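Student: I would like to go through this structure slowly, asking at each step which criterion lies behind a term.
Tutor: Then let us look at it together and set each value against its definition.

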Amino acid sequence: MTSTLRTDVLRIEGAGDPVGTLPILHGIPSRVADGVGIDAEMRRNLAYGAPHSLLPYTRQDGYDRTRTERDLPTVVLENDVLTATFLPGYGGRLWSLVHRPSGRELLHRNPILQPANLALRDAWPAGGVEWNLGTTGHWPLTCEPLHAVRASAPDGTPVLRMFAYERLRGLILRMDTWLPAGSPVLFVHVAVHNPSTEEAPVYWWSNIAVPQAADVRVLAPADHAFHCDYVSELRRVPFPAVTGGERSRDHNRDHSYPGRAGAAADYFLDLPAGERRWIAALDGTGAGLVQTSTERLRGRKLFCWGTGTGGRHWQEWLSGPGSAYLEIQAGLARTQLEHLPMPAGATWSWVEAYGMLETDPSAVHGPWEQARSAAADALDLLVPAEGLERALALAGQFGEPQEVLAQGDGWAALEIEAGSFAPSPLLPFGVPGAQQQPWRHLLATGTLPISDPPAAPVTGARWRALLEEGANDWHALYHLGLVRLADGEPDAARRAWQRSLAERRSPWALRALAFLAATPDEAADLMAEAHRLRPDLRELTTEVLDALLRADRAKDALAAIRALPAAARGHGRIRLAEAEAAHALGDHDHVRRLLAEGIRVDNMREGEVSLDTLWLAVHPDRPVPPHYDFRMSQG
C-alpha cells in the first residue's frame, strides 16, 4: 500500500466549542528552585521568560458538560502499517494512531470531546498528541484551528503541513508530518521560527496521552528524574525507585508503573548527554507506543493522575468512565517549568517519530537497566537514529502547498500586512478575517474604530506605536493599556485605562483597573461597578464574585447573586460562590443545602480544591464524595 493523505470526519459525542471574550490579564510567575539537584542552568531557565500577561489571548471558559453528536473535520495519513488522524480544528492534535496489522490504537483516543480547565486559556480536551508552543502550560491554540495544506516529498510521498502564528511569543510554527510507504513510524518535522529582531523565550512540549493499566511501564534512558508532586519542591531523585521525601505509601515504589501510583505526579526524566532521545509506554505483552526524536528535543516526562479518588475523578471528568490514561511527553528543556532563549531571526527544528514498539515482555518488566536496554535495542531496529537525521534533512526539500485542507485564523495574515514578518509561499496564511478588520482600519487610517464590546486584543511594537500616536477615545485608550500591560508596564497601562474611563465608564477598563488595584477592596469596588454596567455577562459576574470574596465582602457577594436571574444563579461557578459566601458568613446549613442539591463546576481548574475544602468545612466527619473530590495530591 502506498502512502495516502485524505480528509475525513470524526463523529464524536462532544461539548460545544469553547468561547470567551475577556482578555487574560495575568501572566505566569517566574520560578525559583533550590531543591536537591537543581543546577545553575536549570535555575536560569526557571527564572527566565515568564510572560507579564497572557495577552493578546482571551479566556475560553464558555463551555458546559452537555454533549451532543458532533462531526469534526479530520486529516488522515495512512500507509500499510499506520493510520494517523489529525484534528486541524483543535490545534492540529494527533487524535489517533492505529497500528494496522494488529488493529491496536496506540494513543488514548478519547471517546468524548469534553473541554476542562487545564489550559492557559482554560478549555482543554484530553487525548492524543497535543503540540504545545509558547509558555508553561497547555498552549493557547489547543482549541483553535490551524492552517493545513497538502504538500509532498521529492518522491511524491504526501505531506500534511500544519502551521500557525503563536501570538504571545510572536513565533511561527510549521509542522510537516508524513508516513512513507512501509514505514513503521509516523514522522513529524517541527520548525519554530522567531521572525523578531529581539530574543524570544521559547517553550515546546509534545504531550502524548496513552492508555493506562496496571501493567503499563514507562521506559526511557534515564536513572534520575526531576520530581514534582504539587506539594513539595522540585528536586532531582533516583528513578524509578524514588526515595527521600516521598509519602510513606509511595516510598521505594517503582514509579515507572504509573497505573499503580497513589497520587498525581510529574517525573521529568533526566536523560544524560549522549543518550538517544526516546520514551515508551509498554504493556504486559512488551508492546506499546514509542516516541523518539533528534537531539534538540532534550526533555522527557511521565505524568500520571494517580489511583486516588481525586485522580480517578479527573480521569472520568476528562474522558468518561473506563478511559484511564497517562502521559509521556517530550520537550525542548529538561522540565516544563523552564523557557529557553531563542535568538532573533533563528529557526529551531527537529524530527519526532511515533510508532509501535515490541520487545520481550520478560525484559520489559525485569530490572530497570535490562528493561530500558531491551526497549532501546528494539527502537534501533524500528527506526535507527540515522533515520531521524535523514528525515530532518528530507523535510527541507518538501515543496510548496498543493491544496488547502483547513483554514486557521487571520492573525498571521494581519501581522504580514503590518510588516511584522514577510510572507512565505510555503505557509499560505490566507487573508485577515472579521476579527482583524478593526486593526486593518487602524493600519490604513491611523484610527481604531470604536466597538462595544471592544475589538479582539493585539500586542506588539507596531500596534503600540499606532495606539500611542492616535489613541484618544475610550476604546483605543483601553487597547493602549492592554499593549502596555503586555510589555510589562503596569503603571503606564493604568494611566491609559484611567484616561479611558474619563472618556467613558466602560466595564472593560474598570475590570482592567481592578486587576492592578492596590487592595482587594479597591478591586472589588471597580469590579462591582463593571458588573453593574454589564450584569448579563456571565464571565464578568463570576469575576466580580471572586473579587468580593477576596475582599471579605461575603454579604455583598450574596446580594449580587440574589439580584441575578434564576437561570444565571444555577451556573456552577455562581453556585460555588454562593456556597463560599454562605460559609464565610457562618451559614453552614445554606452550604449543606447547596452541596446536597449539587454544585457542578464545568470549568473546575486543575489543582483547584474548592469543592472538597467546602465539603470538609461543613461535613468534617464525612469523607468527600467522589463527585466533589478533585484533589491531585491525595494518594
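Student: Which residue in β23 is the bridge partner of Leu302?
Tutor: The bridge partner of Leu302 in β23 is Ile328. Before we go on, note that this is a predicted model, in which local features need pLDDT of at least 70 and side-chain atom pairs count only at pLDDT 80 or more, while totals for chains, interfaces and linings use all residues. Residues are numbered from 1 along each chain as its sequence is written, and side-chain values use heavy atoms, with hydrogens and water left out.

Student: Why is β23 called largely enclosed?
Tutor: Buried means under 20% relative accessible area, exposed means over 50%, and partly exposed lies in between, with a 1.4 Å probe and protein chains only. Seven of the seven residues of β23 (residues 325–331) are buried, and therefore the strand is largely enclosed by the rest of the structure. Tyr325, Glu327, Gln329 and Gly331 point one way and Leu326, Ile328 and Ala330 the other, and all of them are buried.

Student: How do you know whether Asp122 and Asp552 are buried or exposed?
Tutor: Asp122 has a relative accessible area of 5%, so it is buried, whereas Asp552 has 71% and is therefore exposed. Asp122 is found in strand β8 (residues 122–124), and Asp552 lies in the loop between α13 (538–550) and α14 (554–562).

Student: What makes the phi values of these two residues worth a remark?
Tutor: Most residues other than glycine have a negative phi. Asp122, which is not a glycine, has a positive phi of about 105°, and Asp552, also not a glycine, has a positive phi of about 60°.

Student: What qualifies a set of residues as a nonpolar core, and which members of the largest one touch the most others?
Tutor: A nonpolar core is a set of buried Ala, Val, Leu, Ile, Met, Phe, Trp, Tyr and Cys residues joined through side-chain atoms within 4.5 Å. The largest has 94 residues, of which Leu186 and Trp204 touch the most other members. Strand β25 (residues 347–358) gives the most to this core, with seven residues. Apart from it lies another core, of 42 residues, including Leu25 and Leu501.

Student: How do you know which residues Leu186 touches?
Tutor: Contact means heavy atoms within 4.5 Å. Not counting residues up to four places away in sequence, Leu186 touches Leu77, Phe86, Trp178 and Tyr354, among others.

Student: Which peptide bonds are cis, and where do their prolines lie?
Tutor: A cis peptide bond joins Leu55 and Pro56, with omega about 15°, and Pro56 lies in the loop between α1 (40–47) and β2 (68–78). Another cis bond joins Phe239 and Pro240, where omega is also about 15°, and Pro240 is in the loop between β18 and β19 (265–269).

Key: Helix = DSSP H or I, 4+ residues; strand = E, 2+ residues; numbered from the N terminus. Pairing = 2+ DSSP bridges.
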